[in-house]
Amino acid sequence: MLVLALVLIPTIANDFFLVQIFAQAAILGLIALSLMLLGGWGGIVSLSQMSVAGLAGYTLAILGQSSMSQSLGSNSWLAAAAALAVALIVGFGIGLLVGRTRGIYTIMITLAIGVAVFYLANQNYAIFNGFTGYSGIAAPHVLGVDLRAPLPFYVLCVSLALMGWAGVAALGRSSFGKALIATRDCERRAAAIGFHVGRHRLVAHTIAGLLAGLGGILLVWFNGRISPGTIGVGPMIDILIIAVIGGMSRPSGAFLGAFVFVLLRTFAIDLVDPERFNTLIGLVFLVIVLTSRDGLLGLLGKLSKPERRKMSPRLKTLEREETS
Amino acid sequence: MSSPSTSDVHAPQREHGHPGLALDGVGRSFGAVHAVKDVTLRFVAGERHAVLGPNGAGKTTLFNLITGDLLPSAGQIALGGTDVTTLKPHIRVRQGLRRTYQQSQLFETMSVADNLFLALRGVARGHLTLIPTSGDQVLRDQAADIAEKVNLLDAFDYPVNVLSYGQQRQLEIGMALVGDPQVVLFDEPAAGLSPAERGSLVDLIEALPRTLTIGLVEHDLDIALRLSDRVTIMQDGQVMVTGTPDDIAADPVVQRIYLGAQHG
């Protein structure tokens, strides 16, 4: 049904909605999906997912084509493949760095990594072109279709988002995914039944790097540019807000959160001053966190099956004992 | 490493074959506190061996040292004749060592089925399989067999956090019986259970194959003496005496340090 709706949307939505709302939500959703995988299932709250996306975006800008002389001008697809490889390696590297830390320490280290990447990009001109960054980066043509055009770009972003969503959903049902959730629930037991907890976390970081990198590439094509502002502390926190608003228990939460976030950011300007957007999103965040344990997914769950509960096996046993 | 010192008065007869588990001079200190001190013990293959003692005697610390949850400050531990002293817990599990915890350590948000599935996957290959596979169903069927063994088939698809305490204890035991265990350590399996639940727990452990080496920490002296072939009494981190249940029940030292501590 969701796929059908996404296919039908271009028939009713205008270009602005296709790109600014749906494509943008798909892109931010992909990056938030990487945090959902790490945080929701692995219990690893990482603030540096936007930095991973940003480094992939910078790789694309540096190796591919832009209006800056620093760009090497190679084929866009090759540059995109290299960007994904960089995201994979950076994800792996962050996993190595934070592997032994837990909770607040993981948050602090990934925040530090994010800030370090921001300042590196901001102050390095030779590679990152400093404050200005790169602009004039466009999505390539494929089989004669210009991916810059609204409908093709919408199709590209939404297809990749659907693939990411389906991939992570399958991961959640796999042995790896279940074991990752197990390391979150009870790390000690996970080790006591034979799992190498550290290796599982490292693989999770690497897969999350790939997802964030994918989002980063699309984000650069969406904006047409990348600069330190794209990967500052604000955007890093936005990804966390998106993941929490949507709900971290299932992959769909990341896209739900991104959709609401993008809607609010786009239309809040009609309701409040643009500078007040953070106040508004902060209020929305507060209301959702205070009313639901699992973001919008939790709220939707409450609405669809109010107080419907399976009879617990404890009651079942009692009942059986009484009747026997 | 595989043969106990002949001068060790506590070493049991080894008529059952090579030791399933051998501890030699094992010690662990936390700062100035010696939680376990110079413990030399044999869990002979196929034997059911209870470790008793008052609170703080070091029984659980000893189990944690055997499983690798803690590393010893001194001594050596061998499993099936192989030195495992410095191996990580997940490696020891693959060599046939299993344990239960005094306080249930379960995956609370997952179903009984998934808990058992993971326990089976943990000792099998395919930890990093990233998509669901047809092989998963085989493990799922095995999980159902184990659930039946520990009377949890009714609750198979329920999340752990809605189970009763007794059912959680049953699952705790089920997760330690997966695969092909050589040595299973039960850490106070009967703690907090009702008399009826204790009865079925004793039946369950008694029905386990005699080839299995069992280590048991238990506060309920009746259960411990009934289930075990050999009993070791610990106090202040040290082994006081090792013997058959009858010897132990009659031992005046045991009466003083253990029964005295419990009942007096």
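The model is predicted, and every value below is computed from it. Chain B has 264 residues, of which 54% are buried, and an interface with chain A at which about 3,200 Å² is buried. Over all chains the structure holds 18 salt bridges, and three of these lie across the interface of chain B and chain A.

**Chain B as a whole**

- Chain B contains nine helices and ten strands, and buried residues account for 54% of its 264 residues.
- Of the contacts in chain B between residues at least 6 apart in sequence, 65% join residues that are at least 24 apart.

**The interface between chain B and chain A**

- On the side of chain B, 40 residues are in contact with chain A, and on the side of chain A the contacts involve 34 residues.
- The size of an interface is often given as the accessible area lost when the parts come together.
- Here the area buried between the two chains is about 3,200 Å², and carbon and sulfur atoms give 58% of that area.
- Three residues, B:F107, B:L130 and B:Y158, supply 18% of the area that chain B buries against chain A, which is more than any other three residues supply.
- The rule finds 14 residue pairs in polar contact across the interface, counting pairs in which both residues are at pLDDT 80 or more.
- The elements giving two or more residues to the side of chain B that touches chain A are α2 (89-94), α3 (112-122), α4 (135-149) and α5 (165-176) of chain B, and α3(B) gives the most, with six residues.
- By class, that side of chain B has 20 nonpolar, ten polar and ten charged residues.

**Salt bridges around B:D114**

- Between the chains, the side chains of A:K178 and B:D114 meet in a salt bridge, with an N to O distance of 3.2 Å.
- Within chain B, B:D114 also forms a salt bridge with B:R140, the closest N and O atoms being 3.3 Å apart.
- B:R140 lies in helix α4 and B:D114 in helix α3 of chain B, so this pair ties together parts that are 26 residues apart in sequence.
- B:D114 counts as buried because its relative accessibility of 13% is under 20%, whereas B:R140, at 22%, counts as partly exposed.

**Other salt bridges of chain B**

- B:D24 and B:R42 form a salt bridge in which the closest N and O atoms are 3.1 Å apart; B:D24 belongs to strand β1 (residues 19-30) and B:R42 to strand β2 (residues 33-44) of chain B, and the two residues are 18 residues apart.
- In this pair, B:R42 is buried, with a relative accessible area of 2%, while B:D24 is partly exposed, with a relative accessible area of 21%.
- B:R99 forms a salt bridge with B:D69, with the closest N and O atoms 3.5 Å apart.
- Since B:R99 lies in strand β6 (residues 97-99) and B:D69 in the loop between α1 (59-67) and β4 (74-79) of chain B, the pair ties together parts that are 30 residues apart in sequence.
- B:R99 is buried, with a relative accessible area of 5%, and B:D69 is partly exposed, with a relative accessible area of 24%.
- Salt bridges that share partners join A:R188, B:D69, B:R99 and B:D187 into one network.

How values were computed
Residues are numbered from 1 along each chain as its sequence is written. Chains are lettered from A and ligands numbered from 1 in the order in which they are written. This is a predicted model: local features need pLDDT of at least 70, side-chain atom pairs count only at pLDDT 80 or more; totals for chains, interfaces and linings use all residues. Side-chain values use heavy atoms; hydrogens and water are left out. Contact means heavy atoms within 4.5 Å. Buried area is the accessible area (1.4 Å probe) that two parts lose on being put together, summed over both. A salt bridge is a side-chain nitrogen of Lys or Arg within 4 Å of a carboxyl oxygen of Asp or Glu. A polar contact is a pair of N or O atoms within 3.5 Å; within protein, one must be able to donate a hydrogen and the other to accept it, and residues adjacent in sequence count only if both atoms are side-chain atoms. Helices (H or I, at least four residues) and strands (E, at least two) are DSSP runs, numbered from the N terminus. Ala, Val, Leu, Ile, Met, Phe, Trp, Tyr, Cys and Pro count as nonpolar, Asp, Glu, Lys and Arg as charged, and the others, Gly among them, as polar. Buried means under 20% relative accessible area, exposed over 50%, partly exposed in between (1.4 Å probe, protein chains only).
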